[in-house]
Protein chains: 2
Amino acid sequence: MSPRMGLTESANLVPPEGSGSRPPDPLGNRLLAALSDATRARVLPAMSVVALERQQHTNIYDTPMRNVDFPIDAIMSVVATLATGATCEVAAVGREGFVEVDAALAARIAHRTSFCQIPGHVARMPIDAFEAELESNTEFETLMLRAVRARAFMTEQLATCNLKHALVERFARWLLMTRDRLGRREFNVTHEFLAMMLGARRAGVSQAAATLQTAGCIAYRRGVVMIFDDAALTARSCECYGAQREAIEICFRKDN
Amino acid sequence: MSPRMGLTESANLVPPEGSGSRPPDPLGNRLLAALSDATRARVLPAMSVVALERQQHTNIYDTPMRNVDFPIDAIMSVVATLATGATCEVAAVGREGFVEVDAALAARIAHRTSFCQIPGHVARMPIDAFEAELESNTEFETLMLRAVRARAFMTEQLATCNLKHALVERFARWLLMTRDRLGRREFNVTHEFLAMMLGARRAGVSQAAATLQTAGCIAYRRGVVMIFDDAALTARSCECYGAQREAIEICFRKDN
DNA sequence: AGCCGGCTGTACGATACCGTACGCATCCGA
DNA sequence: TCGGATGCGTACGGTATCGTACAGCCGGCT
């Protein structure tokens with residue numbers, strides 16, 4: 001039994017990923033958009049927009065960081081590698097943040113591995129330019145530090161979430177965060193890949209997905225997930241969704 | 001069956017906590033000890049040594065931070081509060097670090113609650129003095145940022161540990177980290193309190209403790225745990241112990 | 001049109017932990 | 001010396017995953 005819940009097979013839910021449309025504006029990243037015109041005029045010329053494929057790695061732990069990436073319409077994943085070789089996500093980064101937070105803390109070596117989770121584009125800045133701007137521009141520094149704090153908060157929340165909340169709840173949270181980051185309701189993701197992100201079995205994800213689909217929250221087919229009922233999905237997610245969302249909002253609030 | 005494993009009842013394993021001995025040297029904190037003489041001469045006069053009782057709170061989330069605490073022979077705990085009111089540890093801080101990492105990232109509001117886990121002393125600096133020193137002293141800033149990175153790394157590791165590792169392993173890790181932070185093998189802790197730190201039931205901790213005691217790794221009685229066999233305990237802990245330990249060492253290495 | 005590879009449905013027992021509960025040991029203060 | 005309070009041992013059924021396995025289905029390629 002696999003009710004298709006209104007998903008026709010021919011529906012082209014997601015635009016072709018490598019479609020040859022022009023690269024998006026760096027200002028799609030909320031941090032870059034929050035900069036003053038003056039700072040933007042200094043920063044943007046140092047950046048280039050880069051398209052990333054799924055699973056494309058941008059940092060390997062214990063190797064030098066070369067760039068600082070500000071996702072635009074991509075989602076990046078930062079993972080810890082266990083002794084078994086298994087990986088476990090410690091942060092996801094979309095247009096609300098930047099990947100190499102340690103670079104804002106004077107680090108030059110990546111202490112985690114990061115790769116592209118949802119294909120798209122990032123605005124990329126060489127780490128030297130990033131550091132130079134941090135040093136010389138208080139506005140830039142302040143904003144970056146806020147983003148670092150938001151990231152720290154989200155990782156802390158993840159630690160408690162991983163300990164306390166059931167797989168379905170975490171799955172729902174993941175879907176909602178991804179929707180917020182991408183600004184759309186459908187993504188190309190396989191259960192296999194989701195299992196990797198959520199630190200669970202593929203079979204476990206399939207079951208959680210079935211639960212949410214039966215409840216009418218989502219619909220999915222081969223490699224595509226679509227959010228159907230936002231409110232219902234939110235109700236089935238854990239409070240960590242709201243907490244992370246709020247952390248992001250605080251990051252972009254002036255009075256903080 | 002509760003084999004006492006060489007613990008005689010009269011043995012005074014742990015010195016009385018509130019014993020009237022003189023307060024310890026702030027340089028018991030490794031960060032403060034790592035500062036140059038010149039910087040220390042500026043920083044130490046602004047600090048005071050404060051004794052903390054178990055469960056004494058030093059920060060409440062969403063309230064202003066007043067001080068920055070560098071543990072000397074205390075261990076502090078930073079926790080997230082869930083909607084149910086339950087708390088979940090997101091970081092433990094001993095003499096290798098300082099509690100209010102966000103203060104080094106220009107924050108003035110605590111975003112988490114923190115309290116004293118193992119009673120002892122902290123070297124306390126008013127947050128204004130801390131910020132002033134950060135601004136004016138590159139050496140100080142560099143060291144603090146390294147400590148922030150170590151803390152971020154440890155929280156990330158905790159996120160994966162909470163997801164992937166069994167309670168006994170996490171318990172063993174906790175014991176080893178605590179030993180390292182305190183420089184002794186016995187601590188006053190109840191199973192109840194440990195359960196709170198590990199995000200588990202009291203009964204679950206009792207069982208894990210029994211397992212480790214039967215294996216000869218530890219010995220315990222009412223409110224006291226003692227590490228017996230370091231190697232055996234390490235073998236039963238997860239890799240996260242080593243990872244956290246290494247993060248601390250890197251923090252204190254010059255070439256980074 | 002047909003095939004093959006990747007993705008998903010589903011099952012099995014095993015395990016780790018939960019929530020709860022109750023009894024007993026130990027310690028402390030009256 | 002004797003409660004009372006605190007801390008621990010242990011048990012019960014219940015549940016959420018795990019690891020593994022296999023079969024069915026879809027979709028793209030030849």
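Visitor: Which helix gives the most to the surface near DNA strand C?

Guide: α7(A) does, with 6 residues. This is a predicted model, where local features need pLDDT of at least 70, side-chain atom pairs count only at pLDDT 80 or more, and totals for chains, interfaces and linings use all residues. Residues are numbered from 1 along each chain as its sequence is written, while chains are lettered from A and ligands numbered from 1 in the order in which they are written.

Visitor: Which classes of residue make up the surface near DNA strand C?

Guide: It has 8 nonpolar, 7 polar and 7 charged residues. Ala, Val, Leu, Ile, Met, Phe, Trp, Tyr, Cys and Pro count as nonpolar; Asp, Glu, Lys and Arg as charged; the others, Gly among them, as polar.

Visitor: Why are α5(B) and α7(B) called roughly perpendicular?

Guide: Start with the angle, about 75°, with the axes 9 Å apart. Axes are lines fitted to C-alpha atoms, for helices over the stretch in contact, and angles run from 0 to 180 degrees between N-to-C directions. Angles under 35 degrees count as roughly parallel, over 145 as roughly antiparallel, 65 to 115 as roughly perpendicular and the rest as oblique. The two helices are therefore roughly perpendicular to each other.

Visitor: Which residues make that contact?

Guide: α5(B) brings L167(B), V168(B), F171(B) and A172(B). α7(B) brings G204(B), V205(B), A208(B), T211(B) and L212(B). They divide into 7 nonpolar, 2 polar and no charged.

Visitor: What makes two strands a pair?

Guide: DSSP must find at least two bridges between them. β4 (residues 75–81) and β6 (residues 113–118) of chain A have 5 bridges, in the antiparallel sense. They pass, because two are enough. Within this pair, V79(A) stands opposite T113(A) in β6(A).

Visitor: What is the strand order in the open sheet of chain A?

Guide: The order is β2-β6-β4-β5, with antiparallel pairing. β2 (57–59) and β5 (87–93) are the edge strands, as each pairs on one side only. The twist averages 35° from one strand to the next. α5(A) packs on the sheet, touching β4, β5 and β6 of chain A, and its direction makes about 135° with that of β4(A).

Visitor: Where is the hairpin in chain A?

Guide: β9(A) and β10(A) form it, with 2 residues between them. β9 (residues 218–221) and β10 (residues 224–227) pair in the antiparallel sense over 4 bridges. I218(A) stands opposite I227(A) in β10(A). In the turn, G223(A) has a positive phi of about 80°.

Visitor: How many residues of chain B are in contact with chain A?

Guide: 28 residues of chain B are in contact with 28 residues of chain A. Contact means that two C-beta atoms, placed from the backbone, lie within 7 Å. On chain B's side, β5 (87–93) and α4 give two or more residues each. α4(B) has the largest share, 15 residues. By class, this side has 15 nonpolar, 7 polar and 6 charged residues.

Visitor: Where does α4(B) lie on chain A?

Guide: Helix α4 (residues 138–164) of chain B lies across β4 and β5 of chain A. It runs at about 130° to β5(A).
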